[in-house]
Amino acid sequence: MTTTSIGTQEQLRNPDYMPPLANAVPLGIQHVLAMFVSNVTPAIIVAGAAGIGFGSDQGALGFPDMSYLIQMSILFAGVATLIQTIGMGPVGARLPIVQGTSFAFVPIMIPAVAGLGTAGLGGLMTGVVLGGIFHFCLGFFVGRIRFALPPLVTGLIVLMIGLALVKVGIQYSAGGVLKYNAIHLQSAAGAARVPVELDPRSTGLAAGFGTLQYWLPALVVVVVTLLLKFFTRGFISIAAVFLGILAGYVVALVMGQVSFANIGNAAWFEVPMPFKYGWEINWAIVIGMCFMAVVSAIETVGDVNGITKGGAGREATDREISGATFADGLGTAVGGVFGGLPNTSFSQNVGLVAMTGVMSRHVVTIGAVFLIIAGCMPVVGALIRTMPEHVLGGGVIVMFGMVAASGINMLSDVNWNRRNMVIFATSLSVGLGLQLVPEALQHLPRTAQILLTSGLLPSAALAIILNLVLPEDLDK
């Protein structure tokens, strides 16, 4: 039997094994670093869409609401991870599963809060709580609905998530959402030959969009990320996006684009506030959250199987799958009460378990403790807030592209007969088309517009319905 400084091969495959603390702590921190950027990015994107993020008038105040969303993303990633690793009765897989804020829900959240400021966050958080409760209930029968989500459907859904997000990466990298909106207004007015009076601030924003001062740090992030990912091994390769963003951050710092002015005003410790943004039922958000909960639950099933196969060489048990789904929903619902965004299992950490060969859930528990400590410290959010929007853009270009690539990889398992091609073509065309031309639905109620112009929901619904309705022998 092979023995390492961490433990024997049999011990490393055991989720209940606790490695020596000197090894367990850095392994736990490695899990945190591998997911950290992906975990806080959705909060920054949602804040930007709502108009309370980078470039907004809240900048003079230190972006208090965006900082709070970042804090809650960190804090409740840690709480949800603890629920998974430690467990409570049937809740929790008791496996080394790292939870974090899900990108899958971002296309639903952006149109739901667009331009509403903090007024849109009450409806959003209510939707997160109710969606989390629905997600929790899926744990009772998640295995029974898998038949409705073959690779054709799940691959299309993941691809659409990536396609819905790539635009955000380019907007960020070229100067930010506010600058994009200013130049978009100018371009639209010019195309329609309608004179539009822009205030000097908007004119300046539009002129700055796409200049080299923004693109250079963003491209440094992309280049460094790719170099580290493909020309290094081990932890450096796993944390390539994180290290790439650090490199872009240094370039932006040298170029005078980083401000530390508000760090001194940030508190060292703060207790999260329940229902900080109130309680408001927005059915478009609730329906969208519940629908995406189904997708997230199926993704979690895949991650649990990936962890048990990669770390222990076995299939996941029914109890582990249902426990992981329960924990997904509970973590999301509890987080939503305090201002956290939807949680799910993080696939990049599944790969980390397979790479290290350490199956210990206690290692991930240590990482969760670090997340909770950081989430209770506003100064951490203040440090993240100093990152220029275009530097983050370079990172999300890679991350969102990887989401789309993952969907294409899932579609490689599909038998591309005429039936499946028709399902894919119809679903993709309708969903992507409505996303690109949201004005096509301008006469529908606001709720329907939010649900349909995301592109994701119509694509997924069409694919699921057509896959269930069209006969398998359509080609005969």
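**View 1. Helices α3 and α13 in the predicted model.** In this predicted model, the axes of α3 and helix α13 (residues 318-338) cross at roughly 150 degrees and come within 9 Å. Because angles over 145 degrees count as roughly antiparallel, α3 is roughly antiparallel to α13. The crossing in which α3 passes α13 is right-handed. On the α3 side, the residues that meet α13 are Tyr-68, Met-72, Phe-76, Ala-80, Ile-83 and Gln-84. Their counterparts in α13 are Gly-323, Ala-324, Ala-327, Asp-328, Leu-330, Gly-331, Val-334, Gly-335 and Phe-338.

**View 2. Helix α3 against helix α16.** Helix α3 (residues 64-86) also packs with helix α16 (residues 378-385), at an angle of about 115 degrees and with the axes 9 Å apart. That angle makes α3 roughly perpendicular to α16. Here too the crossing is described by its hand: α3 passes α16 in a right-handed crossing. From α3, the residues Met-66, Ser-67, Ile-70, Gln-71 and Ile-74 meet Pro-378, Val-380, Gly-381, Ile-384 and Arg-385 of α16.

**View 3. Ile-74 and the nonpolar cores.** Ile-74, Leu-124 and Met-292 are the residues with the most contacts inside the largest nonpolar core, a set of 107 residues. When neighbours within four places in sequence are left aside, Ile-74 is in contact with Phe-36, Asn-39, Val-40, Leu-371, Ala-374, Gly-375, Val-380 and Ile-384. Two of these partners, Val-380 and Ile-384, belong to the α16 residues that α3 meets. Another core, of seven residues, lies apart from the largest one; its members include Leu-12, Tyr-17, Ala-24 and Leu-27.

**View 4. Helix α19 and the glycine after the helix.** Helix α19 spans residues 446-453, and its buried residues are Gln-449, Ile-450, Leu-451 and Thr-453. Gly-455 follows α19 and has a positive phi, near 80 degrees.

**View 5. Confidence along the chain.** The mean pLDDT of the chain is 80, and 85% of the residues score at least 70. Confidence is highest in helix α5 (residues 121-138), at a mean of 92, and lowest in helix α8 (residues 200-208), at a mean of 56. Over residues 198-202 the pLDDT stays under 50. For residues 198-202 the model has eight contacts beyond four places in sequence. Where pLDDT is low, the predicted coordinates should not be read in detail.

Notes:
Residues numbered from 1 in each chain as written. Predicted model: local features only at pLDDT ≥ 70, side-chain atom pairs only at ≥ 80, totals over all residues. Heavy atoms only, no water. pLDDT = per-residue confidence, 0-100. Helix = DSSP H or I, 4+ residues; strand = E, 2+ residues; numbered from the N terminus. Contact = heavy atoms within 4.5 Å. Core = buried A, V, L, I, M, F, W, Y, C linked by side-chain atoms within 4.5 Å. Buried < 20%, exposed > 50% of the residue type's maximum accessible area, 1.4 Å probe, protein only. Axes fitted to C-alpha atoms, helices over the stretch in contact; angles between N-to-C directions. Parallel < 35°, antiparallel > 145°, perpendicular 65-115°, else oblique. Left-handed = near helix turned anticlockwise from the far one by under 90°.
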